Number of protein chains: 2
Amino acid sequence: MAITPGAGTPRSASVKDVAATAGVSLGTVSNVLNRPDRVSRTTRERVERAMADLGFVRNESARSLRTGSTQSLAYVMLDAGNPFFTDVARGIELAAESAGLSLFLCNSDGRSAREGAHLAHLQQQRVQGILITPVDPDDPQLDQLIERGTPVVIVDRTRAGSSFCSVAVDDVLGGRLAVEHLIDAGHKRVAYVGGPESIGQVRDRGEGARQAWAEAGLPPEDLITLSCEAPTVACGRAAGERLVGLPARRRPTAAFCANDLLALGLLQQTISGGRTVPGDLAIVGYDDIEFAAAAAVPLTSVRQPRQDLGRRAAELLLDEVGDPTHEHEQVVFTPELVARASTLGRP
Amino acid sequence: MAITPGAGTPRSASVKDVAATAGVSLGTVSNVLNRPDRVSRTTRERVERAMADLGFVRNESARSLRTGSTQSLAYVMLDAGNPFFTDVARGIELAAESAGLSLFLCNSDGRSAREGAHLAHLQQQRVQGILITPVDPDDPQLDQLIERGTPVVIVDRTRAGSSFCSVAVDDVLGGRLAVEHLIDAGHKRVAYVGGPESIGQVRDRGEGARQAWAEAGLPPEDLITLSCEAPTVACGRAAGERLVGLPARRRPTAAFCANDLLALGLLQQTISGGRTVPGDLAIVGYDDIEFAAAAAVPLTSVRQPRQDLGRRAAELLLDEVGDPTHEHEQVVFTPELVARASTLGRP
DNA sequence: GACCTCCGATGAAACGATTTAGACACGGAC
DNA sequence: GTCCGTGTCTAAATCGTTTCATCGGAGGTC
């Protein structure tokens, strides 16, 4: 007897309805759902039939209320529009999928307020655990989460005296690699195009750049820092205009960008302004997103193991969820410079 | 009196605990949470104090079990790695945010099985509604969702005799625009590089291409179709190799790709193989993602109003959720060709 | 035929919040 | 002194599921 949605609200069928239709008790329906082996074949088939007829959909709220746990993880991304983070997310997804959990993606879009709202909501939903690339890894809300029982793994950032697991890439080293590469190519005046200093990745990569610069014995004032509002393609273009505006004797011959979006924007602006890359300006990006190699001039970039980053982070989280003897761990991957046309050629 | 997490499981505090600590009844705590105006200031402050001390986190499962509704929407994306869809997602997010709902992103990655798993899970979670760019818009699971009370809006696809709202772009027209542009430029042999035929967007864009070709009176065999496994950058590169492998008299002078990822891959392979764009091969992409303009040769592409698509879809869903007199609506946006260097120049 | 086992199914009690009807106290008005 | 209204707060029922102690009956053993 199929249900015909009446005039009123088509309230969906519950286990109680299924039990009544199948002529069994409530507990038996639950057994069919959770321990089918404890139910005789004939009863089970009768119950399954009733579920199909009624269009029964298990109510996850009730289930997780009773059991006290959900079957989901969440990843709070810093910027869903940046392919770097979607690649990380894919790594997480693969790990979650093979553990039989579903993954929710949330996008903080670099805004603390949005991040906070997402975290609060996820905590109320009682997700098993949260992976996050935080706007600010020192945000006390993160501590509050673990204090109150939601495991958290920090992705693509680390944190000082940490009570979290984290998976990151050595950004200081990445910055060094980039700038050493430019120094090797003979550049004497370089710009570091970063996003806002509030972003840790931007700070660390800049720090690495300065270290390499200092070690090469070059004067600090010849490493110019350009801060952008956000590490996006549009801001990269804007940075290009600012570079052109500099007096010729101060104008850098190369730029290291805090990520590939900035680098692509800068590249685009430079070329459309009639200048050449790397002739007039060599460019190094960061992340080695898939589009970097397909750019106007294939982009030299610092590669991070994006998908592995995600996979490893998810594994740590799953371990923390499943294993009571879990020890927090800070994994740091090593970046690698991929040299392409945007820096190769006459300097 | 702050709670000290004991040796056992740090079971989080419930309204009951808060009530006990504050010395009020359970209902009062609930009132503080939901109708703070009905509670006297002193009591309210006492309760709030207790909540803070105990680290109380409202249990969303219990709440939504009782009230029968959640505060979330979900968008099931076809491919989170494609910037087109993340732009759509951003549009949705903005609308959801201003309605005070949170948005979960799920990625089907083009796989029916994953899509199905996500949908089942979202249905069990009793999300308010689902936006989806489906692998197959005729999937009966979508009908089953609305039958069982979860509103669904189809994004970037339409469906024949529809009992859904949908927001799409006219893909047949988009295909025509692309191929008419190539015909105008004098091309007599063109390749259509599509993804798998199972993807509706791929079929429709191809259909538009064929229509334009036929109307120009060109022989059908000179519009070659190359099917790829998936509409990705890697497959675009592979398609490039296949094109080179064709005998010279059959080799096309231009390619129209079903999306920008394919086009960027094709572009990259063509250039690294020593041929020029548009000299040896003109290329038109589709979607006009941000990276298209920054490509090796800036890419001519068919632009879709990505963010508006998402925003409008979310608005339709919110209307369906909130307004009982809601009428289903099929919105179709019009695409627009953006001509750039990859087709301009000597044909 | 009495007794024991074991399998399958049962029913009630939880989980943590919301909701509603009603209790209680406190003033003010007559 | 009684009555009533108002403003707060309480107690109990409820949402849909899982779990656990229990019960009935079929089959086997002596």
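Me: Start with DNA strand D. How do the residues of the surface near it divide by class?
Reply: Nine are nonpolar, eleven polar and six charged. Keep in mind that this is a predicted model.

Me: Now strand C. How many residues surround it, and which are closest?
Reply: 28 residues surround DNA strand C. The closest are A:G27, A:T43, B:S14, B:V15 and B:A62.

Me: Which elements give two or more residues there?
Reply: In chain A, helix 2 (26–34) and helix 4 (60–67). In chain B, helix 1 (15–22), helix 2 (26–34) and helix 4 (60–67).

Me: Switching to the protein pair. What rotation superposes chain B on chain A?
Reply: A rotation of 180°, with 0.0 Å of shift along the axis. The RMSD is 0.1 Å. That is how a two-fold axis relates its copies.

Me: Which C-alpha of chain B is nearest the axis?
Reply: That of B:A296, 1.4 Å from the axis.

Me: What share of the contact residues of chain B recur in chain A?
Reply: 100% of them, so the same surface serves both copies.

Me: How many residues does each chain put into the contact?
Reply: Chain B gives 43 and chain A gives 44.

Me: Which elements of chain B supply the side that touches chain A?
Reply: Helix 4, helix 5 (83–98), strand 2 (102–107), helix 6 (112–124) and helix 11 (260–272) each supply at least two residues. Helix 5 gives the most, with six residues.

Me: And how does that side divide by class?
Reply: 18 nonpolar, 16 polar and nine charged.

Me: Chain A on its own, then. What's the secondary structure?
Reply: Twelve helices and twelve strands.

Me: Is it a compact globule or more spread out?
Reply: More spread out. The radius of gyration of chain A is 26 Å, well over the 20 Å that the globule rule gives for 347 residues. The C-alpha trace spans about 90 × 45 × 35 Å along its principal axes.

Me: How much of chain A is buried?
Reply: Buried residues make up 51% of the 347. As for contacts with a separation of 6 or more, 71% join residues 24 or more positions apart.

Me: Next, helix 8 of chain B. What end-to-end span should it have?
Reply: Helix 8 runs over residues 171–184, which is 14 residues.

Me: Which of its residues are buried?
Reply: B:D171, B:G174, B:G175, B:R176, B:L177, B:A178, B:V179, B:H181 and B:L182.

Me: What follows the helix?
Reply: B:G186, whose phi is positive, near 95°.

Me: Last one, B:A212. Where does it lie?
Reply: In helix 9 (residues 200–215) of chain B.

Me: Buried or exposed?
Reply: B:A212 is buried, because 24 other C-beta atoms lie within 10 Å and the cut-off is 20 or more.

Me: What does B:A212 touch?
Reply: Leaving out residues up to four places away in sequence, B:R176, B:V179, B:E180 and B:I183.

Me: How far is B:A212 from B:R275?
Reply: Their C-alpha atoms are separated by 27 Å, and the two are 63 residues apart along the chain.

Methods: Residues numbered from 1 in each chain as written. Chains lettered and ligands numbered in written order. Predicted model: local features only at pLDDT ≥ 70, side-chain atom pairs only at ≥ 80, totals over all residues. Helix = DSSP H or I, 4+ residues; strand = E, 2+ residues; numbered from the N terminus. Expected span 1.5 Å × (residues − 1). Buried ≥ 20, exposed ≤ 12 C-beta atoms within 10 Å, placed from the backbone. Least-squares fit on C-alpha atoms with pLDDT ≥ 70 in both. Contact = placed C-beta atoms within 7 Å. Near = placed C-beta within 6 Å. Rg over C-alpha atoms; globule rule 2.2 N^0.38 Å. Nonpolar A, V, L, I, M, F, W, Y, C, P; charged D, E, K, R; others polar.
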